Amino acid sequence: MIVERSHVFVLGAAKAGTTTLHRFLDAHADVCMSDPKEPAFFEAEYESGVEFYWRKYYAHRWRGEPLVGEARHRNLYLPYVPRRIASRYPHAKLLVILRHPVDRAWSHWWQRYARGQEQAGFDDAIAADMDRISSGILFEEPDGPAMWCRSLDPDSRGRINEYRTYVDSGYYADQILRYVDLFGWESLHIILLDDLRADPQKTLRGIFDCLRLAPPSIDVSTIHNHRMPNYTDGGRRLLGAVRATRVQKLAPKRVRATLHRRFLPTAPWPTMNQRTRADLLRHFAPHNRALGSLLRRDLSHWAQ
């Protein structure tokens with residue numbers, strides 16, 4: 001039987017600092033964050049029920065903390081998820097962390113490309129994503145959940161999807177308004193990665209104030225940006241082959257990372273084509289203006 005608890009959801013966006021927030025929240029004595037960090041429940045396991053959600057992601061580590069939570073960036077992106085969260089946890093606290101949409105798209109692509117999950121270069125991947133958006137595949141109800149779930153790799157715990165979502169993951173105003181419509185502004189706390197980098201102490205204190213928790217002693221030296229190494233084509237193929245083995249699934253994360261660094265060949269870091277960047281800046285301009293108006297913030301620096 002599940003005792004009613006307060007919930008916090010770090011909604012996203014992808015590659016915007018959700019892992020950092022998950023770590024800081026989980027370090028608080030009054031918070032139990034999910035294990036693993038990104039449950040696929042509201043995205044792909046919803047029909048299994050909330051008891052399943054609790055047993056799979058919390059029961060093995062909960063020690064009576066009054067607040068439990070998760071950090072799943074797809075919960076911000078997928079349009080059918082907000083209603084699911086609202087139906088189960090209508091009084092949840094919602095944390096949203098956002099990043100310059102072009103830099104976020106590049107980082108999102110790079111993570112998948114470096115891991116061998118994306119074969120196309122950035123320009124081709126963005127073009128393919130634009131084609132998907134233009135075709136109207138936006139994962140909205142009633143067909144969106146089934147369409148999305150059919151494309152998930154069952155061996156990836158819901159992390160890997162055949163669809164690219166580099167571009168419209170940056171349509172932040174639309175995504176936030178879905179939650180505002182269901183929860184109201186008072187349930188949301190929105191952060192920019194810019195703020196976390198510029199003044200992490202103040203930003204994290206604001207988060208804990210929102211959650212009505214006493215802020216812990218915060219060691220901001222643990223805030224860092226993890227970049228996937230630039231493996232060569234051969235290195236990426238080898239990484240993909242290793243990931244399909246039982247060894248990859250059983251070896252501890254730190255052991256895997258050490259083996260990758262020692263044995264997978266790397267190449268120089270790539271850079272974004274400036275023409276592609278200019279095109280994306282133009283594409284995101286109206287979305288950034290909408291977000292700035294929504295948050296009453298000057299986001300003019302996102303035009304560069």
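Predicted model: local features only at pLDDT ≥ 70, side-chain atom pairs only at ≥ 80, totals over all residues.

User: What span should the 13 residues of helix α7 have, and how far apart are its end C-alpha atoms?

Analyst: Helices (H or I, at least four residues) and strands (E, at least two) are DSSP runs, numbered from the N terminus, and the expected span of a helix is 1.5 Å times one less than its number of residues. For α7, residues 122-134, this gives 18 Å, and the end C-alpha atoms are 18 Å apart, in agreement. After α7 comes G136, with a positive phi near 90°.

User: Which residues of α7 are buried, and which are exposed on the face turned away from them?

Analyst: Buried means under 20% relative accessible area, exposed over 50% and partly exposed in between, with a 1.4 Å probe and protein chains only. The buried residues of α7 are F122, A125, I126, D129, R132 and I133. They lie on the same side of α7, because they cover an arc of only 115° around the axis, the arc being that of the directions from the helix axis to the C-beta atoms. The face turned away from this buried side carries the exposed D124, D131 and S134.

User: How are two packed helices described, and at what angle do α7 and α15 pack?

Analyst: The description uses the angle between the axes and the distance between them. Axes are lines fitted to C-alpha atoms, for helices over the stretch in contact, and angles run from 0 to 180 degrees between N-to-C directions. Angles under 35 degrees count as roughly parallel, over 145 as roughly antiparallel, 65 to 115 as roughly perpendicular and the rest as oblique. The angle between α7 and α15 is about 30°, with axes 11 Å apart, and the two helices are therefore roughly parallel. α9 (residues 172-183) packs on α15 at about 40°, with axes 8 Å apart, so this pair is oblique.

User: Is C32 buried or exposed, and which residues is it in contact with?

Analyst: C32, in strand β2 (residues 31-33), counts as buried at 1% relative accessibility. Contact means heavy atoms within 4.5 Å; leaving aside neighbours within four places in sequence, the contacts of C32 include Y58, W62 and L67.

Technical notes. Residues numbered from 1 in each chain as written. Heavy atoms only, no water.
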